[in-house]
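I opened my notebook beside this structure to look up a few things. Here is what I wrote down, entry by entry.

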Amino acid sequence: MTHKAAIIGGGVIGGGWAARFLLNGWDVAVFDPHPEARRKIDEVLAGARRALPALYDRALPPEGALSFHDTLADAVAGADWVQESVPERLDLKHRVLAEIDAAAPDHAVIGSSTSGFKPSDLAAQGARVIVAHPFNPVYLLPLVELAGEAESCARADTLLRGIGMRPLTLRREIDAHIADRLLEAVWRECLWLLTDGIATTEEIDDAIRMGFGLRWAQMGIFETYRIAGGEAGMRHFMEQFGPALEWPWTKLMDVPEFTPELVDLIAGQSDAQSGHMSIRELERLRDDNLVGILRALRKTGAGAGGVIAEHERSLGQAEGIPQAALVETVRRAVPQTWADYNGHMNEAHYLEIGAQATDRFMEMIGAGPDYIAAGKSYFTVENHLCYHDEVKVGETLVVTTQVVAGAGKKMHLFHRICRGEVVAATMETLLLHVDLTTRRACPPEAGVERTLTQYAEAHAGLDAPVELARHVGAKR
Ligand SMILES: NC(=O)c1ccc[n+]([C@@H]2O[C@H](COP(=O)([O-])OP(=O)(O)OC[C@H]3O[C@@H](n4cnc5c(N)ncnc54)[C@H](O)[C@@H]3O)[C@@H](O)[C@H]2O)c1
């Protein structure tokens, strides 16, 4: 049976909730008196449809039905979940929650997105409500902080897991819950750094995104510090840095006393959290995660990824000289993100490295990014991969490229993907030169054609690779 969610207040957060529920197969009914509410939700939904399914390798459930209502009572009728996301004003929340409580089915979970109010603040006038505090964008970030009546929080926990979220139920209510309390502490220090003229907004952002922000993203603070303690672990870390609590490192000087009991408490909880892995194992996990995150950032050029992209551009590329010897087009390590469940390079990445070799070869003949930006390029029309040997994460692969034929619109290349002396795979690829405006094949510019011809002539004397004659399943 399809679940139904009612979204009361469809701004930034309500829109994100609507998208999260809809894309997970729930029907969603929205009430927001703002004349632009429908347009704003449609825009959030368009973003969510682009992003959320990209996280998964399986299809999400069929989208639920979205409806807009003129009254709050209409929207919440028959709902299993009602999410209040109106502006952060207690009087307004009280009024809206009273209306929701009166109209919502008995079994419905009533959650409030409030960033800072405690459930007891929200329920001060008797409304049934729990805090269900999400993070923007709600359709992508899993965390929801739950606080309030235990049985409702338990039901909320189950339902939220069903839509791919990670509920965190507070042991007791506090202003701003856990995450906003942390964020607020950092924010206050940022404002001091700014007003004291110590750093600019950009420098503060760099201090986060170029360094510890990346560690926090995958291990939080305690697991990260456990590693920082080295083999001696958490206890050692605290002994080293504990005394700093009393030094003027922050403006926030109301700190807990650094007692042996506090050290025991943290060391014990850290053991329970991370003790199943050695420090070396944690380091490897951290590094693999960082490689994955940094590679994603490199693609967009954002944050620390921009630094890597820039550094990469400064790394020398093999000079391609037209001669009988094959040209080296790629030399690279196999990243962890290319591994399959066996720790070996997954078959798709043999194609990826072959495509990198083609890109590099195009650069060598003058058909690199500038040529493409000016409106011409080569498009791949056919590939043939032969897998000869397995490759492990961390190994270095070198690709050499042979021009089988290069004349007119056609470019026919043969890449050998080598691990040391071993040819781990080969890739034969046929490309056609195209005009990017008409999307039709056309001859290359004279300079590109000339260089390609030089390579083709230089390689003409080489033996034809045996793989060229193969079809799938042909005897070796
Ligand atoms: N923005 C964030 O990053 C963030 C993150 C987590 C939680 N929150 C919390 O979510 C809640 C909403 O914040 P937001 O950023 O989406 O605000 P917003 O201003 O973008 O959206 C609020 C929406 O509520 C609508 N609204 C106003 N009165 C209403 C009423 N009586 N009935 C129905 N709808 C009404 C408005 O038209 C508006 O579309 C707040 O409690 C906020 O603390 C915000």
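**Entry: α1 against α2.** I looked up which residues touch here: Gly15, Gly16, Ala18, Ala19, Leu22 and Leu23 of α1 meet Ile41, Val44, Leu45, Ala48 and Arg49 of α2. Contact means heavy atoms within 4.5 Å. I sorted the residues of this contact into eight nonpolar, two polar and one charged. In that sorting, Ala, Val, Leu, Ile, Met, Phe, Trp, Tyr, Cys and Pro count as nonpolar, Asp, Glu, Lys and Arg as charged, and the others, Gly among them, as polar.

Before going on, I noted that this is a predicted model, where local features need pLDDT of at least 70 and side-chain atom pairs count only at pLDDT 80 or more, while totals for chains, interfaces and linings use all residues. I also noted that residues are numbered from 1 along each chain as its sequence is written, and that side-chain values use heavy atoms, with hydrogens and water left out.

Next I looked up the geometry of this pair. Helix α1 spans residues 12-23 and helix α2 residues 37-51; they pack at an angle of about 50°, with axes 9 Å apart. That makes α1 oblique to α2. Angles under 35 degrees count as roughly parallel, over 145 as roughly antiparallel, 65 to 115 as roughly perpendicular and the rest as oblique. The axes are lines fitted to C-alpha atoms, for helices over the stretch in contact, and the angles run from 0 to 180 degrees between N-to-C directions. I found that α1 passes α2 in a right-handed crossing. A crossing is right-handed if the near helix is turned clockwise from the far one by less than a right angle, and left-handed if anticlockwise.

**Entry: α8 against α12.** Helix α8 (residues 201-219) packs on α12 at an angle of about 115°, with their axes 10 Å apart. The two are therefore roughly perpendicular to each other. I noted a right-handed crossing here, with α8 passing α12. From α8, the contact uses Leu214, Arg215, Ala217, Gln218 and Met219; from α12, it uses Leu282, Leu285, Arg286, Asn289, Leu290, Ile293, Leu294 and Leu297. I sorted these into nine nonpolar, two polar and two charged residues.

**Entry: α12 against α13.** I moved along to helix α12 (residues 279-300) and helix α13 (residues 303-314), which pack at an angle of about 75° with axes 7 Å apart. So α12 and α13 are roughly perpendicular to each other. Leu294, Leu297 and Arg298 of α12 make the contact with Ala304, Gly305, Gly306, Ile308, Ala309 and Glu312 of α13. I counted five nonpolar, two polar and two charged residues in this contact.

**Entry: two loops.** Which peptide bond is cis? I found the one from Asn136 to Pro137, with omega near 0°. Pro137 is in the loop between β6 (130-133) and β7 (143-147). I also stopped at His177, whose phi is near 55°, a positive value in a residue other than glycine. His177 is in the loop between β8 (166-169) and α7 (179-195).

**Entry: the whole chain.** Helices (H or I, at least four residues) and strands (E, at least two) are DSSP runs, numbered from the N terminus. The C-alpha atoms fill a box of roughly 90 × 60 × 50 Å along the principal axes.
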